[in-house]
Amino acid sequence: MPRTRKAPPSGALGARAARGRPRLTPDDVRDRIAAYCKRYGVAPNAEGLPPFPGGQRETQKHREWMALYKAHRRLASRGPSSDLVEQLQDLLARQHGRCPVCRKPVELAEVRLDATSADPAVLHPPCLELVTLARGLGAEALDRVRARL
Ligand SMILES: [Zn+2]
């Protein structure tokens, strides 16, 4: 009998698949993305992901980005939880259906949650991107931006 012959599948395989990994929560992914952004000095894009580290394949940064991307996609494929949808609807109603940054109407389907504990709000994706960027750069940088408008 050749030595390379594989053992037949055993019942242990099914048991392993059933255990799986701990359930991923939106908070976990948000914290991981925030930690990555801080570490590499980047801001999340409109999808809520850090920018792709182009030209940096096989680096630690690239591996971390891929892990975040997969976690983010795994969450997105699940769809928003009903709790989250309720929270978004609630905030949108309190904002009279408008984005607090540009003051234009915003639809529930497109809103992004700016989950600061002091003042949570729902914004247009580009408006949240602007806020996130400004937070990272600081108020003084924002003054310099104003001077260039
Ligand atoms: Zn807006």
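Here are some questions and answers on a predicted model of a protein.

Residues are counted from 1 along each chain as its sequence is written. Since this is a prediction, local features need pLDDT of at least 70 and side-chain atom pairs count only at pLDDT 80 or more, while totals for chains, interfaces and linings use all residues.

Q: What pattern does the protein follow along the sequence?
A: Helices (H or I, at least four residues) and strands (E, at least two) are DSSP runs here, numbered from the N terminus. The protein has six helices and two strands. Read in order, they give α-α-α-α-β-β-α-α.

Q: What share of the protein's residues is buried?
A: Buried means 20 or more other C-beta atoms within 10 Å of a residue's own, exposed means 12 or fewer, and partly exposed is in between, with C-beta atoms placed from the backbone. Of the 149 residues in the protein, the buried share is 11%.

Q: How far does helix H3 reach from its first C-alpha to its last?
A: The expected span is 1.5 Å times one less than the number of residues. For H3, residues 60–78, there are 19 residues and 27 Å is expected. The model comes close to that, at 28 Å.

Q: Within what arc do the buried residues of H3 fall, seen down its axis?
A: The residues concerned are Trp65, Leu68 and His72. The arc is taken over the directions from the helix axis to the C-beta atoms. These buried residues line one face of H3 because they fall within an arc of 65°.

Q: Which helix do the buried residues of H3 pack against?
A: The opposite face, turned away from the buried side, carries exposed residues including Gln60, Lys70 and Arg78. Contact here means C-beta atoms, placed from the backbone, within 7 Å. On the buried side, the partner is helix H2 (26–40).

Q: Is Gln89 exposed, partly exposed or buried?
A: Gln89 sits in helix H4 (residues 82–94). Its C-alpha is 9.7 Å from that of Val111, 22 residues away in sequence. With 13 other C-beta atoms within 10 Å, Gln89 is partly exposed.

Conventions:
Two residues are in contact if their C-beta atoms, placed from the backbone, lie within 7 Å.
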